[in-house]
Structure formats: structure tokens, C-alpha cells
Amino acid sequence: MSELSADGEPAADSAGITVTIGATVPTGFEHTAAEEVKEKICVDAKISKDRGRIYFPITTDKLVQVHRLRSVDNLFVVVEEYDHYQFKESKEETLAELQQLASKLPWNDALDVWKLNRTFKKKKSHRRGANKSKAKPDVDGQDAAEVENEQEGVPEALSEDASNCDGIDQAETSTPDQEDQPPEGKVTKFRVTCSRAGDKHSFSSNEAARDFGGAVQEHFQWKADMTKFDIEVLLNIHNEEVVIGIALTEESLHRRNISHFGPTTLRSTLCYGMLRLCKPQPSDIILDPMCGTGAIPLEGAIEFRNAFYMAGDNNDMAVNRTANNVFHFQKQQADKGSSFGLPIDTVRWDLCSLPMRTSSVDIIITDMPFGKRMGSRKKNWDLYPSCLREMARVIRPGSGKAVLLTQDKKCFTKALSRMGGLWKKVHTVWVNVGGLHAGVFLLKRTAAVFGQTPEDVYVPQADRSSHKEEKDSSEVS
């Protein structure tokens, strides 16, 4: 048992401790996150069987760098992990074993890291419209949390990727308001959050969190508090894999960059994963023709600042949101004494007739309309072929790349099959976006000269002359 000081914090010196850090990442981009960890922390990351999680070892002097990773959502320090935990057949035996487990775990190092982490972790921000968990009585009279994804104005942001999969339930997963630190002389407050995936368990998340939390309370003599806690103990169960940890983030690290939200704002961590797929190089011209709030070009300009970004949309409100987000971020940097600007231009345009010269763009990366919150499935059948054709015109033949996110896979695949002479599909990453199963498609532009391929026959005869005139006039400009 870890010795605690009077204020409830670990008393040991945390310098030089080696621990395992767990991180939740956008589902489908686990390998991308592992690559970033290898590149920036110089350690190998293990990808969990439970999608959307990676684990990697660090020494505590690397903790600040861990918080600067761009591909991770939430961080926790691992207390103990079991790859093949043998659950008992009956619910009563399993829950009794979980209670006994609490006193046997090696808590010391994890609690020391939690103490060190408090000095520089990202504090929870307060935004209007946040959904908070509500306590409701369980059948046994215990308190359990009602699960609600904490969207905070970001409808396509997924709070828990696994929560929409079959055989999964979640207990107490939204992030509450926390005090900066427990008042001196007060008992440490805590809560246990259980995330369970699998259909062969005899217990629910609420039952596991309740019984394991009661044993933790008895072991440490901490006070249980579901909203204003100091320590959040995590109990992650995925089939036979069990991981116990202590949370190191109050709110997801994807909540950055954006101050003006739209109806389909992407998580910044997902934007980073998409950008890494296309490997931006210095001096690249990168285009987001359907920028929405500018989440993708903003993340790119911050992390890959040697490229230049063009962000556009056909909606005035979207263009204004992007411009406001760029301005807000630059103002924040100026307030901190930084003078560098962001290499981003914003413009209102028609996606099917871009005011760009032919073969002038290196990379196109965008979130296409899913046909749910924005646009419609019917309109996508006309939009997708037209936009793929116009993207093929402005991008450089032979070397240009496109990274496109869409949930309308049937429509996109059909449109792409008509572009066989202009685009080649290189790779697909399947992701979970706001509970929707979507695909991130990495395409490469072939060397075919635009205007000399059979794909032009798919342009309606009535539209072909006007489309050509618009392109010619844009090239002259």
C-alpha cells in the first residue's frame, strides 16, 4: 500500500520511475499513434486487443512529452494488466475476486506518477452544451452513472469508440468537473470507471465498478465522490484482457485548436491521423476543399508547418468559422509571446469548380459529406463523382495524394470505380466517427493527363461545356 501524506498524495519521490502509459486513440489509427510514440518518445508501443488503445513504457522525465502527443485522446498510467484473466463462472465469485484484487495491486508507482502529473496536465475547460453524467440508483441501491457521450458542441466526436459496438456497455465514462487538488488535510476523493467489452461476462460495468470501487475505498480509506473526485481509477475489461489504471487527463487531448464549432467538427486527433497518412513534405500545397470549421488545415499548420494550406467551403458560415478558428489560435499564441503565423488561407468556392490551376496541388485531405448531418445520400451520388474529377484536375499527376473521409462507402466506391484512370486506391483505414462506421481512403493520382481519359464521359452532356468554361476561366486567373 502506498504511503500517503496528510493531503492524500503519494509521499514518494517520483523521479526515475519507469511505468507503462495507456492511451486511447481514434479507432483505426492505433498504428499511426504507435508510430508517433516511436518517433517522439523513442519507445515501442503495444497495440491493445481492445481497439482504440495502445500501451508504451516511459520514465517520468518523459511525461511532459507524452502530453504533447497529437494522436492520443486520453492518458492513464497502468497499475497492472492481465492478458488472460480467468473470470469465475458465477457473478458473485467474479465480483468477490475483483474486491480481493484491489488490495493486491502494486499501486505505489502509479500513484507517484499521478502526483507528478498534476503539475502540468491539461485542465478541463468549460463549454456550453456539455452533457454530464447523471447518477441514478442501481437495482441494489448503489449509485451508478448514466452514460452520455460528452460531445460539447462536436457532434461527430466520439467520447468512447467502443461504446457503440456489440456486446459493450460502459459505466461512468463522461468527464466530471474536478478540483485542482484536494484541500490540505482533507481525505482524497476518488471514483472507479469501468469500461467493459465482450459478451461472455456474467457481470455489468456498473457492478464491476461498484464492487471494485468499494474494495479500493476500504483499502485506501478514500472517500467516494462521483463528480468532484481527485483520482479516477480505471477498470478496462476487454474479453479476457483486464487493465487497471489511474487517469492522467481530465479531458480528452483532442479538445484543442477549435473554438468555433460546426455541426460536423472532426476531432483533432483524427485530423492528425489523416494528415500522417499522406506524409506532408516541406513546401507542399495542401487543400481542404470542404473545410467545415478548418479542423484539418489547423492541425496540419500547427504540426506540419512547413507546408501551405488552402481551406475552402461553399458555405459562408463554414468559411467564417475556419477564419475565426485560425484567428483565435493565433491570438492565443500571441498572448503567450509567440509571433509565428499559420500558413493557411481561407476562401469560399464551389467544390466542383475550384479556382485553382490544373496540377497545382500536392495533397487533398477532407471530410466529405456523410449524407446524414450534412447533405444527403441522394445528393452524394452526383457530388462524389464531380468532386473526385475536379480533385483529379487540380492535383499533380503521378505524385499527388488524397485522403478522404466518408461514411457513404457505397457511393464513394462506385464513384471511385468510374475514376479508375485518374485515381488509384492505396490504403483504407476504418474508423468510428460519432458512432458511424466510416472509411479514410488514401488515394494516389495516376500519371494520366486530365481531360484525356474515358472518365470524362461521365460528365452530363448538358454540364460539360459550362464545366469546361469554368475551369478555363479559373486557370486564366
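Visitor: How many salt bridges does the rule give?
Guide: The count comes to 20 salt bridges, a salt bridge being a side-chain nitrogen of Lys or Arg within 4 Å of a carboxyl oxygen of Asp or Glu. The model is predicted, so local features need pLDDT of at least 70 and side-chain atom pairs count only at pLDDT 80 or more, while totals for chains, interfaces and linings use all residues. Residues are numbered from 1 along each chain as its sequence is written, and side-chain values use heavy atoms, with hydrogens and water left out.

Visitor: What makes R191 and E232 a salt bridge?
Guide: Their N to O distance is 3.5 Å, which is within 4 Å, so the pair qualifies. R191 is in strand β8 (residues 189–197) and E232 in strand β10, 41 residues apart; strands (E, at least two residues) and helices (H or I, at least four) are DSSP runs, numbered from the N terminus.

Visitor: Why is R191 called buried?
Guide: Buried means under 20% relative accessible area, exposed over 50%, and partly exposed in between, with a 1.4 Å probe and protein chains only. R191 has 2%, so R191 is buried. E232, at 12%, also counts as buried.

Visitor: How do you know that R393 and E390 form a salt bridge?
Guide: The closest N and O atoms are 2.8 Å apart, so the pair meets the 4 Å rule. Both residues lie in helix α9 (residues 377–394), 3 residues apart.
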